[in-house]
Amino acid sequence: QVQLVESGGGSVQAGGSLRLSCTASGDTWSRRYIAWFRQAPGKEREGVAGIIRTTNYTNYRASVKGRFTLSQDNQDNAKNTVYLQMNGLKPEDTAMYYCAARETYSATWSDVSRYRYWGRGTQVTVSS
């Protein structure tokens, strides 16, 4: 089992910044890859960015490259925290942001169906 807890959401104006945190605990093997997804009202959930816990290798969706940055703090085997620094926020970034975990990385990192563990989400609202 893996537990994921997100924090850091809020409301900002366009051009502003937010930093989201995802604290992951539980089975180490099952959280080797941590990703952020988002879902806006009436839209499908989409992958934003992901990171491999052991190598720091990252993936980003095209629309956030250069604006969003992933980092992590692997405090110990008991838990790790993944940060999503979001700069230059746009109204289209408005969504509920979710943290998700899976055992392995693959080219299908943004495929929602590949993730077994999910957090409850944190809301990000960007006004124009």
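Let's start with a charged pair. Arg 114 and Asp 111 form a side-chain salt bridge, 3.7 Å from N to O. By salt bridge I mean a side-chain nitrogen of Lys or Arg within 4 Å of a carboxyl oxygen of Asp or Glu. Arg 114 is partly exposed, because its relative accessibility is 48%. Asp 111 is partly exposed as well, at 28% relative accessible area. My cut-offs here: buried is under 20% relative accessible area, exposed is over 50%, and partly exposed is in between, with a 1.4 Å probe and protein chains only.

A word on the source. This is a predicted model, where local features need pLDDT of at least 70, side-chain atom pairs count only at pLDDT 80 or more, and totals for chains, interfaces and linings use all residues. Residues are numbered from 1 along each chain as its sequence is written, and side-chain values use heavy atoms, with hydrogens and water left out.

Back to the charges. How many salt bridges does the structure hold? Five. Salt bridges with shared partners join Arg 38, Glu 46, Arg 61, Arg 67 and Asp 93 into one network. As a general point, side chains of opposite charge can pair when their charged atoms come close.

Now look at Asp 93. Where does Asp 93 lie? It sits in the loop between strand S8 (79-86) and strand S9 (95-102). Strands are DSSP runs of E, at least two residues, and helices are runs of H or I, at least four, all numbered from the N terminus. Is Asp 93 buried or exposed? Buried, because its relative accessibility is 1%.

Asp 93 has two arginine partners to discuss. Take Arg 38. Its side chain meets that of Asp 93 in a salt bridge, at 2.9 Å from N to O. Arg 38 is in strand S4 and Asp 93 is in the S8 to S9 loop, so this pair ties together parts 55 residues apart in sequence. Both Arg 38 and Asp 93 are buried.

Next, Arg 67. The closest N and O atoms in its salt bridge with Asp 93 are 2.8 Å apart. Arg 67 lies in the loop between strand S6 (58-60) and strand S7 (68-76), and Asp 93 lies in the loop between S8 and S9, so the pair ties together parts 26 residues apart in sequence. Arg 67 is buried, like Asp 93.

The Asp 93 side chain also has a backbone partner. One of its polar atoms is 2.8 Å from the backbone nitrogen of Lys 90. A polar contact is a pair of N or O atoms within 3.5 Å; within protein, one must be able to donate a hydrogen and the other to accept it, and residues adjacent in sequence count only if both atoms are side-chain atoms. Setting aside residues up to four places away in sequence, Asp 93 touches Arg 38, Arg 67, Phe 68, Gly 88, Val 124 and Val 126. Contact means heavy atoms within 4.5 Å.

One step along is Thr 94. Thr 94 is in the loop between S8 and S9 too. What does its side chain reach? A polar atom there lies 2.9 Å from the backbone oxygen of Pro 91. The backbone nitrogen of Val 126 is 2.8 Å from a polar atom of the Thr 94 side chain. Seven of its eight residues are buried, so S9 is largely enclosed by the rest of the structure. S9 pairs with strand S4 (residues 33-39) in the antiparallel sense, over seven bridges. Two strands pair if DSSP finds at least two bridges between them. Phe 37 stands opposite Tyr 98 in S9. S9 also pairs antiparallel with strand S11 (residues 122-127), over three bridges. There, Ala 95 has Val 124 in S11 as its bridge partner.

Last item: the disulfide. The structure holds one. It joins Cys 22 and Cys 99, with sulfur atoms 1.8 Å apart; the cut-off for a disulfide is a pair of cysteine sulfur atoms within 2.5 Å. Cys 22 is in strand S3 (residues 18-26) and Cys 99 is in S9, 77 residues apart, and the pair links distant parts of the chain. The link of Cys 22 and Cys 99 is left-handed, with -70° about the S-S bond. Cys 22 is buried at 0% relative accessible area, and Cys 99 is buried at 0% relative accessibility.
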